[in-house]
Amino acid sequence: MNQVVACSPRTQARAWWRGAVIYQIYPRSFADSNGDGIGDLAGITRHLDHVASLGVDAVWLSPFFTSPMRDFGYDVADFCDVDPIFGTLADFDALIARAHALGLKIIIDQVYSHSSDQHAWFQESRSSRTNPKADWYVWADAKPDGSPPNNWQSVFGGPAWTWDARRGQYYLHNFLREQPDLNFHNPEVQEAALAAARFWLDRGVDGFRLDAINFTMHDPELRDNPPAPENGAPRTRPFDFQQHVFNQSHTDIPRFLEKLRALADGYGERFLVAEVGGPTPEPEMHAFTEGETRLNSAYGFNFLYADRLTPALVRDAVAGWPCAEGVGWPSWAFENHDAPRALSRWVAPEDRAAFARMKMLLLLSLRGNAFLYYGEELGLTQVEIGFEHLQDPEAIANWPMTLSRDGARTPMPWRSDAAQLGFTTGRPWLPLGPDHGALAVDRQAGDAESLLNVTRRLIAFRHAHPALMEGDIAILHADEQLLVFRRECGGQALLCAFNLGVTPVALPIALQKGNVLEAVNGATVEQLPGYGALVLG
(Lines give C-alpha, C1' and ligand atoms only; values in the text may rest on other atoms or scores of the structure.)
Protein backbone atom coordinates (compact mmCIF):
# COMPACT_ATOMS: atom_id res chain seq x y z
CA MET A 1 0.00 0.00 0.00
CA ASN A 2 1.28 3.44 -0.97
CA GLN A 3 0.31 6.40 1.14
CA VAL A 4 0.85 10.12 1.33
CA VAL A 5 0.62 11.22 4.94
CA ALA A 6 -1.99 13.90 5.47
CA CYS A 7 -1.27 17.04 7.41
CA SER A 8 -3.45 18.89 9.87
CA PRO A 9 -6.47 20.75 8.46
CA ARG A 10 -6.20 24.40 7.50
CA THR A 11 -7.94 26.80 9.80
CA GLN A 12 -7.73 30.13 7.93
CA ALA A 13 -10.35 31.22 5.42
CA ARG A 14 -9.89 29.71 1.98
CA ALA A 15 -8.53 32.00 -0.72
CA TRP A 16 -10.76 31.99 -3.82
CA TRP A 17 -8.07 30.34 -5.94
CA ARG A 18 -7.28 27.49 -3.53
CA GLY A 19 -9.03 24.46 -5.00
CA ALA A 20 -10.49 26.54 -7.84
CA VAL A 21 -11.65 25.10 -11.14
CA ILE A 22 -10.11 27.16 -13.94
CA TYR A 23 -11.24 27.00 -17.58
CA GLN A 24 -8.57 27.60 -20.24
CA ILE A 25 -9.61 29.39 -23.42
CA TYR A 26 -7.37 29.44 -26.49
CA PRO A 27 -8.70 32.67 -28.04
CA ARG A 28 -8.03 31.78 -31.69
CA SER A 29 -10.26 28.73 -31.38
CA PHE A 30 -13.12 29.57 -29.03
CA ALA A 31 -15.54 31.82 -30.92
CA ASP A 32 -15.21 34.18 -33.90
CA SER A 33 -17.42 37.28 -33.83
CA ASN A 34 -16.48 38.88 -37.17
CA GLY A 35 -16.26 36.03 -39.67
CA ASP A 36 -12.52 36.11 -40.34
CA GLY A 37 -12.13 32.51 -39.16
CA ILE A 38 -10.11 33.41 -36.07
CA GLY A 39 -11.59 33.52 -32.59
CA ASP A 40 -11.51 36.86 -30.79
CA LEU A 41 -12.25 38.59 -27.50
CA ALA A 42 -15.77 39.64 -28.49
CA GLY A 43 -16.51 36.02 -29.36
CA ILE A 44 -15.34 34.92 -25.94
CA THR A 45 -17.49 37.56 -24.25
CA ARG A 46 -20.58 36.36 -26.14
CA HIS A 47 -20.05 32.82 -24.86
CA LEU A 48 -19.11 33.52 -21.25
CA ASP A 49 -22.58 32.38 -20.21
CA HIS A 50 -21.59 28.87 -21.28
CA VAL A 51 -18.42 29.06 -19.22
CA ALA A 52 -20.27 30.38 -16.18
CA SER A 53 -22.87 27.61 -16.54
CA LEU A 54 -20.15 25.05 -15.90
CA GLY A 55 -19.68 26.47 -12.40
CA VAL A 56 -15.96 27.18 -12.81
CA ASP A 57 -14.26 29.83 -10.71
CA ALA A 58 -12.01 31.46 -13.28
CA VAL A 59 -10.99 31.67 -16.93
CA TRP A 60 -7.39 31.53 -18.14
CA LEU A 61 -6.95 33.32 -21.47
CA SER A 62 -4.00 32.25 -23.60
CA PRO A 63 -2.17 35.19 -25.24
CA PHE A 64 -4.12 37.85 -27.13
CA PHE A 65 -1.36 40.48 -27.16
CA THR A 66 0.05 42.28 -30.19
CA SER A 67 2.09 39.71 -32.09
CA PRO A 68 3.30 38.73 -35.57
CA MET A 69 1.93 35.27 -34.64
CA ARG A 70 5.00 33.23 -35.46
CA ASP A 71 4.15 31.24 -32.31
CA PHE A 72 0.51 32.36 -32.15
CA GLY A 73 0.80 35.03 -29.50
CA TYR A 74 3.63 33.61 -27.44
CA ASP A 75 5.87 35.94 -29.48
CA VAL A 76 4.73 39.25 -27.99
CA ALA A 77 5.42 42.52 -29.83
CA ASP A 78 3.62 44.71 -27.26
CA PHE A 79 2.97 43.44 -23.74
CA CYS A 80 0.34 46.13 -23.10
CA ASP A 81 -2.00 45.94 -26.08
CA VAL A 82 -4.41 43.61 -27.88
CA ASP A 83 -3.59 42.25 -31.32
CA PRO A 84 -6.10 43.56 -33.88
CA ILE A 85 -7.10 40.03 -34.89
CA PHE A 86 -8.47 39.59 -31.36
CA GLY A 87 -9.97 43.07 -31.00
CA THR A 88 -9.09 46.10 -28.91
CA LEU A 89 -8.41 47.08 -25.33
CA ALA A 90 -12.06 48.16 -25.18
CA ASP A 91 -13.04 44.59 -26.13
CA PHE A 92 -10.83 43.30 -23.34
CA ASP A 93 -12.40 45.69 -20.84
CA ALA A 94 -15.86 44.50 -21.94
CA LEU A 95 -14.78 40.88 -21.44
CA ILE A 96 -13.51 41.63 -17.94
CA ALA A 97 -16.74 43.45 -17.04
CA ARG A 98 -18.95 40.62 -18.31
CA ALA A 99 -16.86 37.94 -16.62
CA HIS A 100 -16.93 39.71 -13.29
CA ALA A 101 -20.69 40.25 -13.60
CA LEU A 102 -21.01 36.46 -14.01
CA GLY A 103 -18.79 35.80 -11.00
CA LEU A 104 -15.82 34.64 -13.08
CA LYS A 105 -12.22 35.64 -12.39
CA ILE A 106 -9.93 36.33 -15.35
CA ILE A 107 -6.33 35.06 -15.50
CA ILE A 108 -4.08 35.95 -18.41
CA ASP A 109 -0.72 34.73 -19.66
CA GLN A 110 2.43 36.69 -19.03
CA VAL A 111 5.36 35.76 -21.27
CA TYR A 112 8.52 37.00 -19.56
CA SER A 113 11.09 34.61 -20.99
CA HIS A 114 11.21 36.28 -24.40
CA SER A 115 9.52 38.73 -26.74
CA SER A 116 8.96 38.88 -30.47
CA ASP A 117 11.86 40.10 -32.59
CA GLN A 118 9.38 42.75 -33.77
CA HIS A 119 9.09 44.25 -30.28
CA ALA A 120 10.37 47.84 -30.09
CA TRP A 121 12.69 46.79 -27.26
CA PHE A 122 14.49 44.28 -29.46
CA GLN A 123 14.60 46.59 -32.45
CA GLU A 124 16.43 49.12 -30.31
CA SER A 125 18.62 46.52 -28.59
CA ARG A 126 19.89 45.10 -31.90
CA SER A 127 20.67 48.53 -33.36
CA SER A 128 24.02 48.91 -31.56
CA ARG A 129 26.03 47.79 -28.55
CA THR A 130 25.70 51.18 -26.84
CA ASN A 131 21.97 52.04 -27.05
CA PRO A 132 19.84 52.32 -23.85
CA LYS A 133 18.41 48.82 -24.35
CA ALA A 134 21.63 47.19 -25.52
CA ASP A 135 21.60 44.86 -22.49
CA TRP A 136 17.86 44.10 -22.48
CA TYR A 137 18.40 40.86 -24.43
CA VAL A 138 21.01 38.11 -24.21
CA TRP A 139 23.84 38.95 -26.61
CA ALA A 140 27.21 37.24 -26.89
CA ASP A 141 30.25 37.31 -29.15
CA ALA A 142 31.04 34.51 -31.52
CA LYS A 143 33.78 32.02 -30.75
CA PRO A 144 37.06 32.70 -32.57
CA ASP A 145 35.93 30.43 -35.43
CA GLY A 146 32.64 32.33 -35.79
CA SER A 147 30.47 29.61 -34.28
CA PRO A 148 27.83 30.27 -31.56
CA PRO A 149 28.97 31.09 -28.00
CA ASN A 150 28.11 27.64 -26.66
CA ASN A 151 26.20 24.43 -27.38
CA TRP A 152 22.73 25.47 -26.21
CA GLN A 153 19.88 24.20 -28.37
CA SER A 154 16.44 25.62 -29.11
CA VAL A 155 13.25 23.85 -28.03
CA PHE A 156 12.02 24.14 -31.62
CA GLY A 157 15.17 22.66 -33.15
CA GLY A 158 18.65 23.86 -34.02
CA PRO A 159 21.03 26.13 -32.10
CA ALA A 160 19.59 28.55 -29.54
CA TRP A 161 21.73 31.33 -31.05
CA THR A 162 21.17 33.47 -34.15
CA TRP A 163 23.73 35.83 -35.66
CA ASP A 164 22.78 39.50 -35.99
CA ALA A 165 25.02 41.45 -38.37
CA ARG A 166 23.98 44.84 -37.04
CA ARG A 167 25.38 44.09 -33.61
CA GLY A 168 28.01 41.69 -34.84
CA GLN A 169 26.89 39.28 -32.11
CA TYR A 170 24.67 36.30 -31.51
CA TYR A 171 21.40 36.59 -29.58
CA LEU A 172 19.83 33.82 -27.49
CA HIS A 173 16.44 32.30 -28.25
CA ASN A 174 15.35 29.22 -26.34
CA PHE A 175 12.39 28.92 -28.69
CA LEU A 176 11.98 30.30 -32.24
CA ARG A 177 14.65 32.61 -33.66
CA GLU A 178 11.84 35.18 -33.80
CA GLN A 179 11.57 34.93 -29.98
CA PRO A 180 14.77 36.51 -28.58
CA ASP A 181 15.33 35.95 -24.88
CA LEU A 182 14.98 38.92 -22.56
CA ASN A 183 17.87 39.44 -20.15
CA PHE A 184 16.17 39.17 -16.77
CA HIS A 185 19.47 39.63 -14.98
CA ASN A 186 19.04 43.30 -15.94
CA PRO A 187 16.98 45.14 -13.27
CA GLU A 188 15.53 47.43 -15.95
CA VAL A 189 14.03 44.43 -17.74
CA GLN A 190 12.48 43.20 -14.50
CA GLU A 191 10.95 46.63 -13.91
CA ALA A 192 9.55 46.67 -17.45
CA ALA A 193 7.94 43.28 -16.86
CA LEU A 194 6.44 44.46 -13.59
CA ALA A 195 5.10 47.56 -15.35
CA ALA A 196 3.34 45.32 -17.89
CA ALA A 197 1.86 43.26 -15.07
CA ARG A 198 0.69 46.45 -13.37
CA PHE A 199 -0.97 47.57 -16.62
CA TRP A 200 -3.20 44.49 -16.69
CA LEU A 201 -3.84 44.45 -12.95
CA ASP A 202 -5.07 48.03 -13.28
CA ARG A 203 -7.48 46.79 -15.97
CA GLY A 204 -8.97 44.27 -13.54
CA VAL A 205 -7.30 40.94 -14.19
CA ASP A 206 -7.36 38.52 -11.28
CA GLY A 207 -4.07 36.76 -11.85
CA PHE A 208 -1.37 35.53 -14.20
CA ARG A 209 -0.21 32.24 -15.61
CA LEU A 210 3.54 32.65 -16.15
CA ASP A 211 4.63 31.02 -19.38
CA ALA A 212 7.92 29.09 -19.43
CA ILE A 213 9.02 30.94 -16.31
CA ASN A 214 12.00 28.63 -15.74
CA PHE A 215 13.52 29.91 -19.00
CA THR A 216 13.56 33.48 -17.68
CA MET A 217 17.19 33.52 -16.55
CA HIS A 218 20.32 31.88 -17.96
CA ASP A 219 23.85 31.20 -16.75
CA PRO A 220 25.77 34.48 -17.28
CA GLU A 221 28.97 32.50 -17.83
CA LEU A 222 27.34 30.79 -20.84
CA ARG A 223 28.70 27.38 -19.91
CA ASP A 224 27.95 24.44 -22.20
CA ASN A 225 25.09 22.16 -21.24
CA PRO A 226 26.20 18.59 -20.46
CA PRO A 227 24.88 15.73 -22.59
CA ALA A 228 21.74 13.95 -21.45
CA PRO A 229 22.06 10.24 -20.69
CA GLU A 230 20.22 7.86 -22.97
CA ASN A 231 16.89 6.87 -21.39
CA GLY A 232 15.17 5.11 -24.25
CA ALA A 233 12.87 8.02 -25.06
CA PRO A 234 12.74 9.17 -28.70
CA ARG A 235 14.92 12.18 -29.52
CA THR A 236 13.41 14.28 -32.29
CA ARG A 237 15.32 17.52 -31.58
CA PRO A 238 18.92 18.42 -30.67
CA PHE A 239 17.34 19.94 -27.54
CA ASP A 240 16.61 16.38 -26.34
CA PHE A 241 20.32 15.50 -26.24
CA GLN A 242 21.20 17.92 -23.43
CA GLN A 243 20.63 18.45 -19.73
CA HIS A 244 19.33 22.00 -19.53
CA VAL A 245 21.24 23.20 -16.51
CA PHE A 246 22.73 26.42 -17.89
CA ASN A 247 20.33 27.85 -20.49
CA GLN A 248 17.50 28.03 -17.93
CA SER A 249 16.57 27.55 -14.26
CA HIS A 250 18.91 30.11 -12.71
CA THR A 251 18.75 30.34 -8.92
CA ASP A 252 17.85 34.05 -9.04
CA ILE A 253 14.44 33.46 -10.66
CA PRO A 254 12.60 33.21 -7.29
CA ARG A 255 13.85 36.69 -6.36
CA PHE A 256 12.01 38.15 -9.32
CA LEU A 257 8.93 36.11 -8.47
CA GLU A 258 8.94 37.69 -5.01
CA LYS A 259 8.78 41.12 -6.65
CA LEU A 260 5.87 40.03 -8.80
CA ARG A 261 4.05 38.54 -5.81
CA ALA A 262 4.51 41.76 -3.83
CA LEU A 263 3.03 43.72 -6.73
CA ALA A 264 0.05 41.37 -7.09
CA ASP A 265 -0.65 41.37 -3.36
CA GLY A 266 -1.10 45.12 -3.55
CA TYR A 267 -4.23 44.50 -5.63
CA GLY A 268 -5.88 42.18 -3.14
CA GLU A 269 -6.40 38.46 -3.64
CA ARG A 270 -4.71 37.72 -6.98
CA PHE A 271 -3.54 34.34 -8.29
CA LEU A 272 -0.09 33.59 -9.72
CA VAL A 273 0.66 30.18 -11.24
CA ALA A 274 3.87 29.03 -12.91
CA GLU A 275 4.28 26.87 -15.97
CA VAL A 276 7.36 24.72 -15.39
CA GLY A 277 8.21 22.04 -17.93
CA GLY A 278 11.05 19.58 -18.21
CA PRO A 279 11.77 16.00 -17.14
CA THR A 280 12.15 16.79 -13.40
CA PRO A 281 10.22 20.01 -12.72
CA GLU A 282 9.24 19.44 -9.08
CA PRO A 283 12.29 21.07 -7.43
CA GLU A 284 11.76 24.28 -9.40
CA MET A 285 8.00 24.18 -8.88
CA HIS A 286 8.56 23.93 -5.14
CA ALA A 287 11.15 26.71 -5.18
CA PHE A 288 8.81 29.00 -7.11
CA THR A 289 5.90 28.40 -4.70
CA GLU A 290 7.77 28.15 -1.40
CA GLY A 291 6.33 30.07 1.54
CA GLU A 292 3.98 33.03 1.28
CA THR A 293 6.13 35.46 -0.71
CA ARG A 294 6.40 33.68 -4.06
CA LEU A 295 3.80 32.21 -6.44
CA ASN A 296 0.54 30.69 -5.28
CA SER A 297 0.79 27.56 -7.39
CA ALA A 298 2.63 25.68 -10.13
CA TYR A 299 1.11 23.95 -13.11
CA GLY A 300 1.98 20.28 -13.30
CA PHE A 301 2.84 18.50 -16.56
CA ASN A 302 2.57 15.03 -15.06
CA PHE A 303 -0.49 14.09 -17.11
CA LEU A 304 -0.20 16.23 -20.23
CA TYR A 305 2.14 13.98 -22.22
CA ALA A 306 1.52 10.65 -20.51
CA ASP A 307 0.41 7.94 -22.93
CA ARG A 308 -1.59 6.14 -20.22
CA LEU A 309 -3.55 7.18 -17.14
CA THR A 310 -2.58 4.75 -14.38
CA PRO A 311 -2.91 4.59 -10.60
CA ALA A 312 0.88 4.81 -10.35
CA LEU A 313 0.93 8.01 -12.41
CA VAL A 314 -1.60 9.64 -10.08
CA ARG A 315 0.13 8.30 -6.96
CA ASP A 316 3.50 9.68 -8.04
CA ALA A 317 2.04 13.07 -9.00
CA VAL A 318 0.35 13.40 -5.62
CA ALA A 319 3.54 12.36 -3.83
CA GLY A 320 5.36 15.29 -5.42
CA TRP A 321 3.23 17.75 -3.44
CA PRO A 322 3.23 16.62 0.19
CA CYS A 323 1.22 18.41 2.85
CA ALA A 324 4.16 20.05 4.56
CA GLU A 325 4.96 23.47 5.93
CA GLY A 326 6.24 25.81 3.23
CA VAL A 327 5.37 23.50 0.30
CA GLY A 328 3.24 25.19 -2.34
CA TRP A 329 -0.14 24.30 -3.80
CA PRO A 330 -0.35 22.26 -7.02
CA SER A 331 -2.44 22.80 -10.14
CA TRP A 332 -3.37 19.93 -12.43
CA ALA A 333 -4.45 19.62 -16.06
CA PHE A 334 -5.13 16.60 -18.21
CA GLU A 335 -5.27 18.70 -21.40
CA ASN A 336 -4.01 22.05 -22.70
CA HIS A 337 -3.00 23.88 -25.89
CA ASP A 338 0.42 22.17 -26.08
CA ALA A 339 -0.63 18.55 -25.46
CA PRO A 340 -2.76 16.02 -27.35
CA ARG A 341 -6.37 15.65 -26.24
CA ALA A 342 -6.51 13.11 -23.41
CA LEU A 343 -9.30 10.97 -24.84
CA SER A 344 -7.18 10.29 -27.91
CA ARG A 345 -4.18 9.31 -25.77
CA TRP A 346 -5.69 7.31 -22.97
CA VAL A 347 -8.59 5.17 -24.12
CA ALA A 348 -9.99 3.19 -27.04
CA PRO A 349 -12.60 5.04 -29.13
CA GLU A 350 -15.44 2.73 -28.04
CA ASP A 351 -14.80 3.54 -24.34
CA ARG A 352 -14.36 7.31 -24.60
CA ALA A 353 -17.75 8.30 -23.20
CA ALA A 354 -17.37 6.28 -19.99
CA PHE A 355 -13.72 7.15 -19.61
CA ALA A 356 -14.43 10.89 -19.98
CA ARG A 357 -16.87 10.82 -17.06
CA MET A 358 -14.42 8.95 -14.85
CA LYS A 359 -11.55 11.23 -15.90
CA MET A 360 -13.57 14.33 -15.03
CA LEU A 361 -14.42 13.06 -11.54
CA LEU A 362 -10.76 12.15 -10.97
CA LEU A 363 -9.47 15.59 -12.01
CA LEU A 364 -12.03 17.29 -9.78
CA SER A 365 -11.15 15.05 -6.82
CA LEU A 366 -7.40 15.68 -6.74
CA ARG A 367 -5.80 17.98 -4.17
CA GLY A 368 -4.97 21.21 -5.97
CA ASN A 369 -6.51 23.42 -8.62
CA ALA A 370 -8.22 21.78 -11.58
CA PHE A 371 -7.62 23.27 -15.04
CA LEU A 372 -10.13 22.39 -17.75
CA TYR A 373 -9.21 23.02 -21.39
CA TYR A 374 -11.92 24.42 -23.66
CA GLY A 375 -13.93 21.56 -25.15
CA GLU A 376 -12.80 19.11 -22.49
CA GLU A 377 -16.29 19.40 -21.01
CA LEU A 378 -17.59 18.12 -24.37
CA GLY A 379 -15.14 15.25 -24.72
CA LEU A 380 -13.36 16.68 -27.76
CA THR A 381 -10.83 14.41 -29.42
CA GLN A 382 -7.50 15.13 -31.11
CA VAL A 383 -7.94 16.15 -34.76
CA GLU A 384 -5.62 14.80 -37.44
CA ILE A 385 -4.19 17.83 -39.26
CA GLY A 386 -2.63 17.28 -42.68
CA PHE A 387 0.69 18.92 -43.49
CA GLU A 388 -1.00 21.35 -45.86
CA HIS A 389 -3.10 22.72 -42.99
CA LEU A 390 -0.42 22.83 -40.29
CA GLN A 391 0.08 26.09 -38.40
CA ASP A 392 2.27 24.89 -35.51
CA PRO A 393 5.88 25.98 -36.22
CA GLU A 394 7.39 23.12 -34.22
CA ALA A 395 5.38 20.51 -36.12
CA ILE A 396 6.23 22.09 -39.47
CA ALA A 397 9.95 22.19 -38.63
CA ASN A 398 10.07 18.59 -37.38
CA TRP A 399 7.49 16.98 -39.67
CA PRO A 400 6.51 14.18 -39.36
CA MET A 401 8.29 13.28 -36.12
CA THR A 402 6.68 15.87 -33.83
CA LEU A 403 2.98 15.58 -33.08
CA SER A 404 1.28 18.81 -34.09
CA ARG A 405 -0.19 20.93 -31.33
CA ASP A 406 -2.77 22.11 -33.88
CA GLY A 407 -4.82 18.96 -33.35
CA ALA A 408 -5.71 20.14 -29.83
CA ARG A 409 -6.39 23.73 -30.94
CA THR A 410 -9.24 23.19 -33.38
CA PRO A 411 -12.41 25.34 -33.22
CA MET A 412 -14.98 24.92 -30.47
CA PRO A 413 -18.19 23.27 -31.76
CA TRP A 414 -21.18 25.33 -30.65
CA ARG A 415 -24.08 24.25 -32.88
CA SER A 416 -24.24 20.87 -34.54
CA ASP A 417 -26.39 22.03 -37.48
CA ALA A 418 -24.62 25.34 -38.19
CA ALA A 419 -21.99 26.10 -40.78
CA GLN A 420 -18.55 25.61 -39.25
CA LEU A 421 -20.42 24.30 -36.17
CA GLY A 422 -21.19 27.87 -35.09
CA PHE A 423 -17.57 28.85 -34.57
CA THR A 424 -17.38 31.28 -37.50
CA THR A 425 -19.22 32.37 -40.63
CA GLY A 426 -15.93 32.31 -42.54
CA ARG A 427 -13.21 29.75 -43.10
CA PRO A 428 -11.83 28.55 -39.75
CA TRP A 429 -8.08 28.93 -39.21
CA LEU A 430 -7.84 25.20 -38.49
CA PRO A 431 -10.08 22.38 -39.74
CA LEU A 432 -12.97 21.30 -37.55
CA GLY A 433 -12.90 17.86 -36.01
CA PRO A 434 -14.92 15.45 -38.16
CA ASP A 435 -16.52 13.91 -35.07
CA HIS A 436 -16.98 17.19 -33.18
CA GLY A 437 -20.43 18.04 -34.57
CA ALA A 438 -21.94 15.20 -32.56
CA LEU A 439 -20.25 16.65 -29.46
CA ALA A 440 -21.42 20.24 -29.97
CA VAL A 441 -22.70 22.30 -27.05
CA ASP A 442 -26.28 22.44 -28.34
CA ARG A 443 -26.34 18.67 -28.86
CA GLN A 444 -25.25 17.98 -25.28
CA ALA A 445 -27.10 20.75 -23.47
CA GLY A 446 -30.45 18.94 -23.43
CA ASP A 447 -29.09 15.53 -22.42
CA ALA A 448 -28.86 15.15 -18.65
CA GLU A 449 -26.31 12.33 -19.03
CA SER A 450 -24.07 14.10 -21.52
CA LEU A 451 -20.52 14.83 -20.50
CA LEU A 452 -21.34 18.55 -20.52
CA ASN A 453 -24.04 18.14 -17.90
CA VAL A 454 -22.06 15.57 -15.93
CA THR A 455 -19.22 18.10 -15.79
CA ARG A 456 -21.57 20.77 -14.44
CA ARG A 457 -22.81 18.34 -11.80
CA LEU A 458 -19.31 17.26 -10.76
CA ILE A 459 -17.99 20.83 -10.48
CA ALA A 460 -20.94 21.68 -8.25
CA PHE A 461 -20.20 18.56 -6.21
CA ARG A 462 -16.59 19.64 -5.75
CA HIS A 463 -17.62 23.11 -4.61
CA ALA A 464 -20.06 21.65 -2.09
CA HIS A 465 -17.35 19.66 -0.27
CA PRO A 466 -14.47 21.44 1.51
CA ALA A 467 -12.53 18.17 1.57
CA LEU A 468 -12.34 18.27 -2.24
CA MET A 469 -11.66 21.99 -2.46
CA GLU A 470 -8.77 22.21 -0.03
CA GLY A 471 -8.49 19.02 1.99
CA ASP A 472 -5.47 16.82 2.47
CA ILE A 473 -5.01 13.68 0.40
CA ALA A 474 -3.82 10.19 1.31
CA ILE A 475 -3.39 7.40 -1.23
CA LEU A 476 -4.96 4.25 0.24
CA HIS A 477 -4.68 1.83 -2.68
CA ALA A 478 -2.96 1.92 -6.07
CA ASP A 479 -2.55 -1.26 -8.09
CA GLU A 480 -2.59 -1.85 -11.84
CA GLN A 481 -6.19 -0.76 -12.19
CA LEU A 482 -7.77 0.49 -8.95
CA LEU A 483 -6.96 3.85 -7.36
CA VAL A 484 -8.38 4.83 -3.98
CA PHE A 485 -7.56 7.92 -1.95
CA ARG A 486 -8.99 9.85 0.96
CA ARG A 487 -9.64 13.60 1.00
CA GLU A 488 -10.07 15.19 4.43
CA CYS A 489 -10.69 18.69 5.73
CA GLY A 490 -11.68 19.40 9.31
CA GLY A 491 -14.40 16.94 10.20
CA GLN A 492 -15.18 15.93 6.60
CA ALA A 493 -13.58 12.81 5.13
CA LEU A 494 -14.33 11.45 1.67
CA LEU A 495 -13.16 8.23 0.07
CA CYS A 496 -12.61 8.51 -3.71
CA ALA A 497 -12.30 5.32 -5.78
CA PHE A 498 -11.54 5.00 -9.51
CA ASN A 499 -11.34 2.04 -11.83
CA LEU A 500 -8.84 3.08 -14.50
CA GLY A 501 -9.34 -0.13 -16.45
CA VAL A 502 -12.01 -1.62 -18.66
CA THR A 503 -12.72 -4.72 -16.53
CA PRO A 504 -14.81 -4.51 -13.32
CA VAL A 505 -13.04 -4.40 -9.96
CA ALA A 506 -14.22 -4.61 -6.35
CA LEU A 507 -13.29 -2.24 -3.58
CA PRO A 508 -11.33 -3.94 -0.81
CA ILE A 509 -13.74 -4.94 1.96
CA ALA A 510 -12.01 -2.64 4.45
CA LEU A 511 -12.78 0.35 2.25
CA GLN A 512 -16.46 -0.43 1.63
CA LYS A 513 -17.66 2.10 4.18
CA GLY A 514 -19.89 5.12 3.88
CA ASN A 515 -22.68 6.34 1.65
CA VAL A 516 -22.34 6.96 -2.05
CA LEU A 517 -22.32 10.74 -2.54
CA GLU A 518 -21.40 10.72 -6.23
CA ALA A 519 -20.88 7.99 -8.80
CA VAL A 520 -20.30 7.63 -12.54
CA ASN A 521 -20.74 4.71 -14.92
CA GLY A 522 -22.81 2.62 -12.51
CA ALA A 523 -20.24 2.33 -9.74
CA THR A 524 -21.42 0.93 -6.39
CA VAL A 525 -19.74 0.21 -3.07
CA GLU A 526 -19.53 -3.45 -4.01
CA GLN A 527 -18.23 -3.07 -7.55
CA LEU A 528 -16.73 -0.53 -9.91
CA PRO A 529 -17.51 -1.43 -13.54
CA GLY A 530 -15.02 -0.57 -16.24
CA TYR A 531 -14.12 3.11 -15.76
CA GLY A 532 -16.49 3.29 -12.83
CA ALA A 533 -15.80 5.79 -10.04
CA LEU A 534 -17.44 6.98 -6.87
CA VAL A 535 -17.06 9.16 -3.80
CA LEU A 536 -18.12 7.84 -0.39
CA GLY A 537 -18.79 9.96 2.66
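1. Leu 495 has Leu 536 of β18 as its bridge partner. Strand β16 (residues 492-499) and strand β18 (residues 533-536) pair in the antiparallel sense over four bridges; strands are DSSP runs of E of at least two residues, helices are runs of H or I of at least four, and both are numbered from the N terminus. Two strands pair if DSSP finds at least two bridges between them.

2. The model is predicted: local features need pLDDT of at least 70, side-chain atom pairs count only at pLDDT 80 or more, and totals for chains, interfaces and linings use all residues. Residues are numbered from 1 along each chain as its sequence is written, and side-chain values use heavy atoms, without hydrogens and water.

3. The mean pLDDT (the predictor's confidence in each residue, from 0 to 100) is 95 for the protein, and 98% of its residues reach 70 or more. Over residues 1-11, however, the pLDDT is below 50.

4. An open sheet is formed by five strands in the order β14-β15-β16-β18-β17, with antiparallel pairing. Its edge strands, β14 (472-478) and β17 (516-520), each pair on one side only.

5. Helix α11 (residues 352-363) and helix α14 (residues 451-463) have axes that come within 10 Å and cross at roughly 20 degrees. Axes are lines fitted to C-alpha atoms, for helices over the stretch in contact (heavy atoms within 4.5 Å), and angles run from 0 to 180 degrees between N-to-C directions. Among the residues making this contact are Met 360 of α11 and Leu 458 of α14.
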